[in-house]
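Reader: I have the file open and a few questions about how it is put together. Can we go through them one at a time?

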Amino acid sequence: MEPRFELFTEEHDAFRVSARDFIQREIAPNVEAWEEAGDFPRSLYERMGELGLLGLKYEEAYGGSGPDYLADAVLTEEIALCGSGGVAAGIGGHKDLGSLYVYKFGDEEQRKRWLVPSIAGRAIGAFAVTEPDAGSDVAGLRTRAVRDGDSYVLNGQKIFITNGSKADYVVVAVRTGAEGYGGISLIVVEKDTPGFSSRRIETVGWRTSHTAELFFDECRVPAENLLGEQDKGFVYIMQNFQWERLIMALGAVASAEKILEMGISYARERVVFKRPLAKFQVWKHRFADLATEITAAKALTYHALRKFVAGEDATREVSMAKWLATELDWKVSDEVLQVHGGYGYMMEFPAQRAWRDSRLGPIGGGTTEIMKEIIAKTYGL
Amino acid sequence: MQGELAVRTGCAGIMRAMSTTGAIRSSIFSPEHDALRVSVRAFVERELAPYAEEWEAAGDFPDWVFTKLGEQGYLGLAFPEKYGGQGGDYISTLVLKEEIARCGSGGVGMAVAVQTDMATPPVLEFGTEAQKQEYLVPAIRGTKIACLGITEPEAGSDVANIKTTAVRDGTDWVINGSKIFITNGCRAHFCTLVARTNKEAGYGGFSLFIVPTDTPGWKVSKRLHKVGMLSSDTAEISIEDVRLPAEALLGVEGEGFKQIMWELQGERLVGTAGSIAGSQLLLERCIAYAKERKAFGKPIGKFQAISHRLAEMATEIEAARALVYDAAWRFGKGEYPVKEISMAKLYGGLVVNRVANHAMQIFGGMGYSMELPVQRAWRDARLIRIGGGADEVMREVIAKTMGL
């Protein structure tokens with residue numbers, strides 16, 4: 001049997017069934033309450049660790065079951081269907097950022113210290129690059145780490161850090177060298193380190209995830225917390241961005257599919273002018289447009305994923321998929337809110353949440369404008 | 001919607017129009033309108049804007065906003081002096097909506113628009129002298145708050161599907177049914193209500209009523225929570241054997257649909273004008289931010305991707321506003337430009353939402369944070385494409401005016 005989309009094997013299909021079952025049984029029913037509370041419990045990480053869901057990309061030596069990026073892609077698509085963008089973000093910030101950085105750039109000692117408990121769901125990770133004055137402009141970051149004997153001393157500030165106020169450890173991008181992209185390093189800061197503090201920021205969507213501002217004030221960490229080589233951080237970040245953006249595209253496509261389904265089923269039920277909305281040409285055609293666009297975005301995303309897992313340079317395709325899929329996810333949500341009419345604007349209906357949650361896609365993980373800038377560069381522009 | 005067209009000419013003249021003096025019109029605003037704008041803007045900045053954050057967080061704003069606006073005469077700008085109004089024209093009420101939108105909380109402007117341009121104009125146009133004294137005069141003073149009851153769970157865009165009935169019992173009327181998405185519904189003292197009085201008569205089977213909300217059987221069954229316009233209250237109303245005297249009928253029995261279609265034109269215009277004014281404010285904030293925010297060593301406004309987008313946003317706002325002003329000018333003169341009003345609402349709503357969406361993108365992560373008002377403008381803006389006739393209804397009306 002040919003793998004689906006030349007990607008997924010029968011094992012992946014079986015895994016999808018069990019992941020979906022877990023997510024629909026143990027996450028989805030709690031979403032309303034978690035959204036109301038603006039948080040989800042830490043025990044979800046532990047539960048996912050128990051089920052082996054946080055170690056798909058890592059070898060058995062660390063407690064993982066991989067490495068299998070495709071299985072992780074499947075999990076990402078399924079989590080996007082849980083109904084809460086914040087839960088997906090909170091899990092993603094851990095499995096695709098915090099712990100992945102430790103795995104990719106850390107040594108054995110560091111992997112034992114942070115990756116192993118991350119895979120087990122006992123430690124939550126985060127990754128911090130954005131600063132108040134350096135969002136899209138990664139090379140402009142200013143948080144400084146100065147080597148002092150066996151330690152680094154950090155001073156500065158980060159913002160919009162997913163899991164920032166919940167994480168047990170944060171991989172922080174800091175400036176250890178000269179201005180520009182050549183002077184950046186990655187240093188792990190643990191939660192209770194003196195001089196490190198965080199403040200949660202309320203956001204219009206992703207309300208179950210922690211988005212935080214981080215402060216470093218004479219924050220001293222051991223030199224062995226440096227991931228990889230000093231001053232190589234920019235390259236590391238650019239490398240991992242590819243996976244982060246792929247994950248965002250995969251989640252966005254899955255989410256768009258689900259939201260469109262929600263819109264279509266509402267349109268079938270809602271009767272105006274004596275017939276279901278779904279029977280009006282304007283809605284039929286709009287749904288047809290959206291379905292076509294989703295199918296195209298999915299094909300592009302899978303194309304990028306194929307190149308990525310084959311180890312090819314997928315920068316162009318990943319950047320294309322990221323902006324196209326995340327913009328589309330929001331566009332679909334916006335249309336589905338519209339088909340719900342007044343009910344779409346009400347908090348009791350999930351359409352407004354999809355609309356708020358999906359709006360982050362074109363902003364986070366590199367804005368649409370940055371994606372286009374990267375794409376243009378790949379054409380020598 | 002056919003009904004909407006049927007009354008295109010029927011209601012000409014019902015708006016008091018200020019006669020235009022010159023043959024050439026460079027602006028719909030006279031020096032008096034400009035002076036009004038200056039004083040409303042000062043009032044809004046002093047009395048409303050400082051509380052916007054507080055009201056948004058509370059999901060409500062206090063009733064004194066109505067009385068204070070009433071004291072200033074702002075709730076009666078386009079109403080005759082003999083009812084306590086200012087005797088001004090339609091354009092003056094438009095100025096009010098544009099300026100209130102600048103307070104930063106869309107819900108306040110919406111609540112005021114319901115009071116001045118939705119629930120009360122039918123009282124002036126179709127009401128008896130006694131009804132005007134009882135409801136219009138205090139509404140202009142701001143001591144009685146009004147709401148408008150059209151939409152029902154099964155009748156939003158499809159107004160003709162209204163199921164709330166008013167049945168005669170002796171000389172009384174007995175009303176049963178429900179209404180939904182009623183702005184000011186939780187706090188209103190009276191409701192201008194549409195009910196079906198004759199099941200067989202089609203569009204001719206609707207009538208308007210004025211219902212005091214303390215009438216037994218009238219109940220706010222739910223306060224609805226919205227994603228935007230948080231400071232305005234939105235109610236679901238249940239109406240159970242509400243008994244009203246014959247005098248509660250507003251205007252002529254069976255004329256309700258026509259009356260409401262006329263009301264909706266004014267509602268759409270001021271709603272869109274307010275929305276565009278909010279959009280203008282947002283654009284101003286975006287421009288200021290683009291000049292100040294630096295990335296890659298220069299202000300983001302120096303990047304073409306941003307500067308061209310801002311240019312496009314400004315152009316679209318200008319075009320949408322021109323469309324609204326043109327329709328408002330004609331409506332104010334007593335014309336009934338349904339096509340232009342529908343176009344103004346459709347296009348204005350789309351523009352306002354595009355602008356809000358671009359604004360969030362330009363502000364990036366800051367835009368998504370609850371600590372800046374960008375996300376609020378983005379949430380507030382979304383309603384104009386739904387309320388007062390959704391985009392799809394506007395397109396339908398426009399298509400009909402083209403014989404389709």
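Reader: What do the buried residues of H4(B) pack against?
Author: The buried residues of H4(B) pack against helix H2 (31-48), helix H6 (106-118) and helix H8 (129-141) of chain B. Helices here are DSSP runs (H or I, at least four residues) and strands are E runs of at least two, numbered from the N terminus. This is a predicted model: local features need pLDDT of at least 70, side-chain atom pairs count only at pLDDT 80 or more, and totals for chains, interfaces and linings use all residues. Residues are numbered from 1 along each chain as its sequence is written, while chains are lettered from A and ligands numbered from 1 in the order in which they are written.

Reader: Which residues of H4 in chain B are buried?
Author: Val65(B), Phe66(B), Leu69(B) and Gly70(B), in helix H4 (residues 64-71). A residue is buried if 20 or more other C-beta atoms lie within 10 Å of its own, exposed if 12 or fewer, and partly exposed in between, with C-beta atoms placed from the backbone. These four cover an arc of only 135° around the axis, so they sit on the same side of H4(B). The arc is that of the directions from the helix axis to the C-beta atoms.

Reader: And what is on the other side of H4(B)?
Author: Trp64(B) and Glu71(B), which are exposed there. After the helix comes Gly73(B), with a positive phi near 85°.

Reader: Switching to Ser275(B): buried or exposed?
Author: Ser275(B) counts as buried because it has 31 C-beta neighbours inside 10 Å. It belongs to helix H9 (residues 256-292) of chain B.

Reader: What is Ser275(B) in contact with?
Author: Leaving aside neighbours within four places in sequence, Ser275(B) contacts Gly348(B), Gly349(B), Val352(B), Ala381(B) and Ile384(B). Two residues are in contact if their C-beta atoms, placed from the backbone, lie within 7 Å.

Reader: How many residues are in the largest nonpolar core?
Author: The largest nonpolar core has 253 residues, and those with the most contacts inside it are Ile187(A), Phe209(B), Ala328(B) and Ala359(B). Its largest share, 19 residues, comes from helix H7 (residues 233-269) of chain A. A nonpolar core is a set of buried Ala, Val, Leu, Ile, Met, Phe, Trp, Tyr and Cys residues joined through C-beta atoms within 7 Å.

Reader: What does Phe209(B) touch?
Author: Not counting residues up to four places away in sequence, the residues touched by Phe209(B) include Trp173(B), Leu193(B), Leu244(B) and Leu250(B).

Reader: Which domains does chain B have?
Author: Domain 1 (6-145), domain 2 (148-254) and domain 3 (257-401). The bounds come from an automatic or database domain assignment. Between domain 1 and domain 3 of chain B, the C-alpha centres lie 20 Å apart. Their contact takes 31 residues from domain 1 of chain B and 27 residues from domain 3 of chain B.

Reader: What gives the most to the domain 1 side of that contact?
Author: H5(B), with 7 residues. By class, this side of domain 1 of chain B has 17 nonpolar, 7 polar and 7 charged residues. Ala, Val, Leu, Ile, Met, Phe, Trp, Tyr, Cys and Pro count as nonpolar, Asp, Glu, Lys and Arg as charged, and the others, Gly among them, as polar.

Reader: Last one: how many residues of chain A are in contact with chain B?
Author: 30 residues of chain A, against 32 residues of chain B. The chain A side divides into 13 nonpolar, 11 polar and 6 charged.
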